[in-house]
Amino acid sequence: MALLAKTTVPFLMGLSLFPVASNARELPRLILQITVDQLRGDLPTRHSEQFGTGGFRYLLEEGIYYSNAHHTHANTETIVGHTTLATGATPAAHGMVGNLWYDRSQGRTVYNIEDPDYSILTSGADVDEETEIDPTQRAAKSDGRSPRTILTSTFGDELALATAGRAKVFGVSIKDRGAVAMAGHAGKAFWFSKSAGQFVTSSYYYETYPAWVDAWNAKGVPQGFDNRSWELLNPTETYLFGDHDDQPWEPDFAGFGRTFPHPLGAGDDKYFTTLLTLSPFGDQMTADFAKTLIDAEDLGDDEVTDFLAVSFSVTDYVGHFFGPSSLEAEDNLLQLDRTLADLFAYVDQAVGLEHTLIVLSSDHGAPEAPGYLASIGMPGGYVTPDEWDTAPAVARIKERFGLSGPLFEGYDHPYLTLSETIRNDADIDRIALETAIADELVAFEGVAYAVPSSRLREGSLPDNALMRAVLNNYHPDRSGDIYVVFEPEWFINDMDGLSVTVTHGSPWRYDTFVPIFFAGYQTAGQSIARRVHTVDVALTLSAVAETRPPSGATGEVLLEVLGQ
């Protein structure tokens with residue numbers, strides 16, 4: 001003991017010669033993560049001269065702008081991209097391989113966050129199958145929603161763990177999957193029910209609504225847009241696509257029209273809330289709810305970092321109906337710019353931008369409308385997988401392998417799943433069958449590649465960027481039997497009978513390409529052109545907030561955000 005005492009004292013004295021680790025540095029009071037659904041990476045700069053002050057211009061000029069950012073997975077759909085941004089993981093780890101997937105244990109296609117154990121708190125707030133324009137939500141067999149299908153932790157989860165649950169973590173979106181994915185397992189999620197015309201949540205998060213949510217819903221904000229029309233923000237001649245209104249490939253849905261102004265109709269019309277979310281008013285409503293949440297929940301009021309994720313959905317709806325190079329998409333982006341400026345100003349007043357780290361990115365990009373491509377001499381088109389099971393090539397495969405009955409259970413983008421009968425037949429050489437189907441599929445119009453899952457399991461694929469993206473999307477329990485990659489600018493445009501202009505979901509650059517911005521807390525304006533990835537976002541937030549990395553994260557810390 002004497003020896004220990006003699007050696008310990010000089011050691012302790014020596015510690016004073018070295019600087020103490022800077023664990024006491026002031027952390028941001030609020031992290032505001034914004035996801036703009038279907039914001040392709042070139043769009044903020046394409047329209048930068050048209051933006052006002054305080055929104056995208058603030059991010060471009062005063063934030064850190066990563067101009068060459070990409071998703072690393074192949075299926076660029078909403079839940080996949082949101083969960084990747086939240087977890088820093090690829091679908092191979094976080095498990096959200098698509099908006100839909102075929103669940104072998106249930107023998108049916110499932111919606112990504114459906115959960116019969118946790119119902120929506122509001123009666124009558126389930127999806128209205130007659131008016132819902134998102135066909136993926138119609139696959140759910142209950143109104144229940146939760147994050148339990150997300151297999152890894154999110155940044156919000158890690159923030160809650162690091163602060164002993166003191167951090168307040170929220171996700172808000174029109175889309176349920178946009179809110180749930182970003183809120184993670186430990187946060188609270190709110191989304192807009194078109195059926196109820198209110199922001200709702202499920203019993204996973206609350207037993208009853210907080211009083212402020214009831215108060216916001218009681219104000220009837222959506223009804224304030226009764227009989228309003230979406231009108232252009234500026235004179236037509238000031239728009240890049242000012243002479244592109246009324247294109248023949250644009251659908252006229254429920255009287256919304258193909259030209260400005262686009263009427264929402266009466267507040268009691270069955271399509272009113274659907275059209276509301278197809279206009280800039282939907283994002284304005286989302287931002288209003290988010291501002292109310294900031295105030296009611298006292299976000300950013302103390303030294304413990306809080307987290308609010310807001311996903312703006314209207315860009316995606318507008319993109320599907322009109323395409324990214326349309327007058328509607330252009331005007332919506334300008335109106336979103338104003339909505340962002342207003343939200344940032346509110347946060348500046350409530351918390352202070354110097355205490356708030358803002359990060360903005362997107363869940364995916366978008367292709368161009370085939371009609372628009374054709375007008376300038378470029379190829380593109382639409383694909384119809386429903387016809388595959390009756391194609392002559394399928395008949396040849398059945399004959400070769402001695403099969404009868406349906407060959408496929410179905411196609412849930414991007415996976416083709418073999419029928420249950422075939423999957424359960426031990427006498428069938430699955431590797432040979434999947435390979436034969438893949439060889440035939442690539443001869444179909446619009447199909448570029450067909451990748452058997454058996455080859456993904458074996459690791460017998462060419463080592464290139466596209467195949468790595470397909471592998472990043474592969475989860476053994478949820479992925480189908482064959483991954484189908486369409487040719488560039490070819491995609492499915494039939495959403496359960498509703499024809500749309502554009503559909504994302506490919507591994508091509510226009511779908512993986514998104515912007516990444518960091519602004520506010522301890523950042524200075526700079527533009528960075530090196531390639532970075534969306535899996536880097538969650539790890540960077542963890543580094544800033546001094547939490548553990550999310551459990552499945554695979555990216556790199558963006559050192560510029562740390563001032564390095």
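This is a predicted model: local features need pLDDT of at least 70, side-chain atom pairs count only at pLDDT 80 or more; totals for chains, interfaces and linings use all residues.
Residues are numbered from 1 along each chain as its sequence is written, and side-chain values use heavy atoms, with hydrogens and water left out. Helices (H or I, at least four residues) and strands (E, at least two) are DSSP runs, numbered from the N terminus.

**Helices H11 and H12**

- The axes of helix H11 (residues 314-322) and helix H12 (residues 327-350) come within 9 Å and cross at roughly 170 degrees; axes are lines fitted to C-alpha atoms, for helices over the stretch in contact, and angles run from 0 to 180 degrees between N-to-C directions.
- H11 and H12 are therefore roughly antiparallel to each other, on a scale where angles under 35 degrees count as roughly parallel, over 145 as roughly antiparallel, 65 to 115 as roughly perpendicular and the rest as oblique.
- In the contact (heavy atoms within 4.5 Å), Val 314, Thr 315, Val 318 and Phe 322 of H11 meet Glu 328, Ala 329, Asn 332 and Leu 336 of H12.
- This contact of H11 with H12 has five nonpolar, two polar and one charged residues, where Ala, Val, Leu, Ile, Met, Phe, Trp, Tyr, Cys and Pro count as nonpolar, Asp, Glu, Lys and Arg as charged, and the others, Gly among them, as polar.

**The largest cavity**

- On a 1 Å grid over the protein atoms alone, a cavity is a set of points where a 1.4 Å probe fits but cannot get out, a pocket is an open set with protein on both sides within 12 Å along at least five of seven lines, and lining residues have an atom within 4 Å of a point.
- Grid points are joined across faces, edges and corners, and a volume is the space filled by probe spheres set on the points; the count comes to three cavities of 30 Å³ or more.
- The largest cavity holds about 90 Å³ of space, and among its 13 lining residues Gln 38, Leu 43, Thr 315, Pro 324 and Ala 329 lie nearest its centre.
- H11 and H12 are the elements that give two or more residues to this lining, which divides into seven nonpolar, five polar and one charged residues.
- Gln 38 lies in the loop between strand E1 (30-36) and helix H2 (43-46), and its phi is near 65 degrees, a positive value in a residue other than glycine.

**The two pockets**

- About 1000 Å³ of space lies in the largest pocket, whose 48 lining residues include Pro 135, His 413, Ile 492, Asp 494 and Met 495 nearest its centre.
- By class, the lining of the largest pocket has 23 nonpolar, 13 polar and 12 charged residues.
- The second largest pocket has about 400 Å³ of space, and H18 gives the most to its lining, with five residues.

**Cis peptide bonds**

- His 413 and Pro 414 are joined by a cis peptide bond with omega of about 5 degrees, and Pro 414 is found in the loop between E13 and strand E14 (415-418).
- Another cis peptide bond joins Phe 260 and Pro 261, with omega of about -5 degrees.
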